[in-house]
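Subject: Structure handover

Hello,

Here is the structure for you to open. My notes on what turned up follow below it.

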Amino acid sequence: ILAQGLKLGEYPPPLSTPQGPSHSKTMTRAAPLQKPAASGLAAGLNKGFIVTRKPVRPKQSVLKYSKAKSTRQALVQEVIREVAGYAPYERRMIELIKIGSASTFKRALKLAKKRLGTHKRGKKKREEMQEAVSVMRRKGH
C-alpha cells in the first residue's frame, strides 16, 4: 500500500468500467480487463510474485464463427443438404413459414427453440428455413 503512494485506510481509484448499460443488444464482448502489475510483495492490493505474462490466444469457440465461410465449406454444406434433405422438424418449419401469417412465424420459432435449445439458435434456424422457402419459390416448386 505504501509503495503505491497511498496512506493507510486509503483506496486506489477504481478501475475504468465501460459506460452505458451492461446488457445492450449492440454491445460486443469486451476484452478482459488487465490486472495491474504485481508489486512483488506478499501483502497488499497488487500482491504477488512478479512474472512476465504470456499473451492469451482467443478461444477456438470465438474464432469459429468470426471468420467468413470459405467457398469450399459452403459447397460441402450445399451438397450435404442436397443429399440428406431436411430433418422432419425442418420440413414442419418450412410448412409453417409457407403459410406466412405472423402466428405461424412465431410457431416456427417456438418449434426451432424447442428442438435446438436456445432462442438465438432458433432464430438462426428460422432465418435459414425462410431462405430455403424463398429459394424454392424462385425455382418454382
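Start with one crossing: H3 passes H4 in a left-handed way. Left-handed means that the near helix is turned anticlockwise from the far one by less than a right angle; right-handed means clockwise. Helices (H or I, at least four residues) and strands (E, at least two) are DSSP runs, numbered from the N terminus.

A word on the source. This is a predicted model, in which local features need pLDDT of at least 70 and side-chain atom pairs count only at pLDDT 80 or more, while totals for chains, interfaces and linings use all residues. Residues are numbered from 1 along each chain as its sequence is written, and side-chain values use heavy atoms, with hydrogens and water left out.

**Overall**

The chain has five helices and zero strands. Read from the N terminus, the order is α-α-α-α-α. Of its 141 residues, 13% are buried. Buried means under 20% relative accessible area, exposed means over 50%, and partly exposed is in between (1.4 Å probe, protein chains only). Take the contacts with a separation of 6 or more: residues 24 or more positions apart account for 36% of them. Contact means heavy atoms within 4.5 Å.

**H3 with H4**

The axes of H3 and H4 come within 8 Å and cross at roughly 165°. That makes H3 roughly antiparallel to H4. Axes are lines fitted to C-alpha atoms, for helices over the stretch in contact, and angles run from 0 to 180 degrees between N-to-C directions. Angles under 35 degrees count as roughly parallel, over 145 as roughly antiparallel, 65 to 115 as roughly perpendicular, and the rest as oblique.

H3 brings Tyr89, Arg92, Met93, Leu96, Ile97 and Ile99 to this contact, and H4 brings Thr104, Phe105, Arg107, Ala108, Leu111, Ala112, Arg115 and Leu116. The residues of the H3 and H4 contact divide into ten nonpolar, one polar and three charged. Here Ala, Val, Leu, Ile, Met, Phe, Trp, Tyr, Cys and Pro count as nonpolar, Asp, Glu, Lys and Arg as charged, and the others, Gly among them, as polar.

Arg92 sits in helix H3. Arg92 is partly exposed, at 47% relative accessible area. Its C-alpha is 8.0 Å from that of Ala108, 16 residues apart along the chain.

**H3 with H5**

H3 (residues 88-99) and H5 (residues 119-139) pack at about 65°, with axes 9 Å apart. That makes H3 roughly perpendicular to H5. This crossing of H3 and H5 is right-handed.

The contact uses Tyr89, Glu90, Met93, Ile94, Ile97 and Lys98 of H3, and Lys125, Arg126, Met129, Gln130, Val133, Met136 and Arg137 of H5. The residues in the contact of H3 with H5 divide into seven nonpolar, one polar and five charged.

Leaving out residues up to four places away in sequence, Met129 touches Arg81, Tyr86, Glu90, Met93, Ile94 and Ile97. On that basis, Gln130 touches Ile97 and Phe105. Gln130 and Lys98 are 32 residues apart in sequence and 8.5 Å apart C-alpha to C-alpha.

**The core**

Which residues make up the largest nonpolar core? There are ten: Tyr89, Met93, Ile94, Leu96, Ile97, Ala108, Leu111, Ala112, Met129 and Val133. A nonpolar core is a set of buried Ala, Val, Leu, Ile, Met, Phe, Trp, Tyr and Cys residues joined through side-chain atoms within 4.5 Å. H3, H4 (102-116) and H5 each give two or more residues to this core. H3 supplies the largest share, five residues.

Best wishes
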